[in-house]
Amino acid sequence: MPTESISLTGPIATRGPLLEQLHQWVTTVDHKRLGLLYIFYAVVFLVIGGVEATIMRIQLIRPLNNFVSPEVFNRMFTMHGTTMIFFVAMPLVFGFANYLVPLMIGARDMAFPRLNAFSFWMTAFGGIFLYFSFIGGDGLYGAGNAPDVGWFAYAPLTSQTFSQGHSTDFWTLSLLVSGIGSIGTAINIIATIFCLRCKGMTLGKMPLLAWLNLTMGGLVILVIGPLTAAQLMLLVDRYLGGHFFDTQAGGSAVIWMHFFWIFGHPEVYVLVIPAFAFVSEIVPVFSRKAIFGYPIMVAATVGIGFISMSVWAHHMFTVGMSSSGNTFFVLSTMAIAVPTGIKIFNWLATMWGGQVHFRVPMLFCIAFLFQFLIAGLTGVMLAAAPFDWQLTASYFVVAHFHYVIVGAILFGIFAAFYYWYPKMSGRMYNERFGQLHFWLFTIGFHLTFDFMHIPGILGMPRRIYTYEPGRGWDSWNLIVTIGVLFQAVGVLVFVGNLLWSYWRGAIAGSDPWDAWTLEWSTSSPPPAYNFARIPEVRSRRPLWDLKHPEDPDWHYE
Amino acid sequence: MLIPAFILAVPPLSPTNIFAPASTPAQSIFDLSLFVLEVTGAIFVVVFSLLAYAVVKFRKRSSSEGREPAQVYGSSQLELAWTVIPVLIVVTLFLAAARVIASVQNAPKPDSAIDVTVIGHQFWWEYRYPSLKVVTANELHIPVSDPAHPTPTFLTLLSADTDHSFWVPRLAGKTDLIPNHPNSMWVDPHETGLFLGQCAQYCGTQHAMMLLRVYVQTRDEFDRWIREQSQPAQSTSVISEGQKIFERTACINCHAVAGTAANGRFGPDLTHLMSRDTFASGAAPNTPANLRQWIKDPSAIKPGSKMPAMGLSDSELDAVTQYMETLR
């Protein structure tokens, strides 16, 4: 297996004029470039979604505030939720999967490079289309009108009767279009992992990241379908006189909920499993130990994938299901705590007895472990249906799922950014600014989302644009809003660090972390075809074997 | 995070504190929630301690420079332990939750129960007492329930338009009002007083100001309130100027005043408007000045309200407000 990196000459080696470079980026089918496009696109939308969150938090900083009108507030939470899930989290996850999976399994590209490009552009146009609603939502009337039905868009609020104009159509069509992209990418990831692994890399010797992305791909294929079907039915209702969700004509509002949440709950795992994947690669390297319990980590991941398909109605404990229905979903939902618990214990056991290096990627992973623990425990509270009758649709549930999506998923993604930045850019990030980002964001995160649980317990529902004084919510909301400022500054430091380091960072070299998986065996950034010679592996940590020929992993596996 | 949750279990913090139950469903949920908080709190302490210990104890030391730690690949005993123990915890929590689900959802309905039909509208609440022939809006009156002789109130939940959710945290968990999908819930308040809450399912522009007010009264007070609400609006035979304007403009397309020509059903029943402390679903105190402002321009008080401004002149506004004040 080659360790020396061989740069290939080709279109990437010689930089043409700006227009030509842009043309290359737009027409690229290279998995690394598409991965970077996904990531770049997601960071732009992360900033947009963050601005929307900030607008909401300013409005809620004190009771009866008049910063924005109720109409604007309702658009903000709809756009914030839709943007962050579909146009930030998913593109980030797909971007990293695109970039890393072929490199880590010793492949030269994804299985279907042109499908890959098609998928990216579908997702990209979906997001741009959604934002066009600010200008085009009212059609010929000219005034802006973004969707305002909430990110899960419960029927019949989305019917023509209650949602006039075209704002809901922008929401529907943008998810339809980006859903096609998601399915394309999922097929690509699965095909790549099954067909393009290098010699010697059996399924049991794949890096965990590949296993976890394989599970994620399977989930995407299964769950985007119901979402797309629901969007099509909604379009039929709105324009062809259908009655799927038209309650005035015998349709069912509850059916929409089932369709949405059988997508919506596994979607959480679509996003968090790749975050698990990053943590499963980074924690071993910065603890200097092999991952603990590899086979059971794989089993737990696949188990989570299956169980997550049977828990969706825990979003619907208050819609009037029978007591036996509620009881079933309590059991299935709580069952998911077992494989996730196994994962946490295995990460801890990986650190146990190791040498923990507190570099920025590891800091984010440690914070991930702490926050994912709390997110899981509040999840157990919400899984107890009667407790959920009080907590759901309150700020407690908002705090809970932001703990998952920010505290776990985004922290995992930040860890991935810092860990693979040297590989992607060829430069080291600035460690001090990375630490500053970590502390600002962590403090802001805890100010915002720890304290957000409390107004929920005190009876504050989500999605209200204002509230009266005297409910005991005022000071908690003030603290929550202050936390947002810390997070916003943290994100600016993060983006600044990425940009600064791209031009000024120290040269990284091919393997700055003394790591063990194949992507570190090629140059940084990798050449267009990744590996001059396709590597051959004998264990899960091929570079460990190379660095420790006296004690290789394949002695033990 | 869990410790503040326990501290919050002190009632005066908020009139809508879920940890200050005043009715059996809320009480059973509270008891369950304490159990769940204890179990999850214990898990938190154990796992957090392990994490903190690992981070401190196994941090990189300069003495270990250049040497890799011993490589450990797994342990079947450990994996078995941290699979079986969580399974046992999950089974325990599941059984505890299942018991409360059954006790709240499958509770038998005694003959002494009061029936109320709650209809959610954008953005107000309609209450109908079918056996007592009373229709009112936004302020729900129910009797206190003595545990020895329970008089619980059973609510049938309907919606006239979009989804809503009935949530009065101190009385019970929330239940959604979904069009074409009747739901039910029950409460049996153990103390009298005013209990607050609000719509908990996003229902449109003014979801935020769809507030809930539940007046729990002694049985005598409640019976008197029912008697008063069953009367027609007024007994004077002279028709005021305000009433003429009210019946001449579009007001009566949406509003009803029992015993008069007004029989609209789209908006709140106004027969006994002045018996209420607030109007517009709790958005404003029911004072003549507020009422006049509301009739003049509803969106000034509650932007997004479905009630249109009728473009009445100042003198017409005075007259209609005066008429409203006679609806006792």
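What follows is a short chat about a predicted model.

Biologist: What should I know before reading it?
Modeller: This is a predicted model: local features need pLDDT of at least 70, side-chain atom pairs count only at pLDDT 80 or more, and totals for chains, interfaces and linings use all residues. Residues are numbered from 1 along each chain as its sequence is written, with chains lettered from A and ligands numbered from 1 in the order in which they are written.

Biologist: How many helices and strands in chain A?
Modeller: 16 helices and 0 strands. Both are DSSP runs, numbered from the N terminus: helices are H or I, at least four residues, and strands E, at least two.

Biologist: How much of chain A is buried?
Modeller: 62% of its 557 residues. Buried means 20 or more other C-beta atoms within 10 Å of the residue's own, with C-beta atoms placed from the backbone; exposed is 12 or fewer, partly exposed in between.

Biologist: Switching to α13(A). Is it covered or open?
Modeller: Mostly covered, with 29 of its 31 residues buried.

Biologist: Where is the kink in that helix?
Modeller: At Y419(A), shortly before the proline P422(A). The kink is about 40°, taken as the angle between axes fitted to the seven residues ending there and the seven starting there.

Biologist: And what comes just after α13(A)?
Modeller: G426(A), with a positive phi of about 85°.

Biologist: How many residues of chain A are in contact with chain B?
Modeller: 78, against 80 residues of chain B. Contact means C-beta atoms, placed from the backbone, within 7 Å.

Biologist: Which element gives the largest share on the chain A side?
Modeller: α10(A), with 9 residues.

How values were computed:
Contact = placed C-beta atoms within 7 Å.
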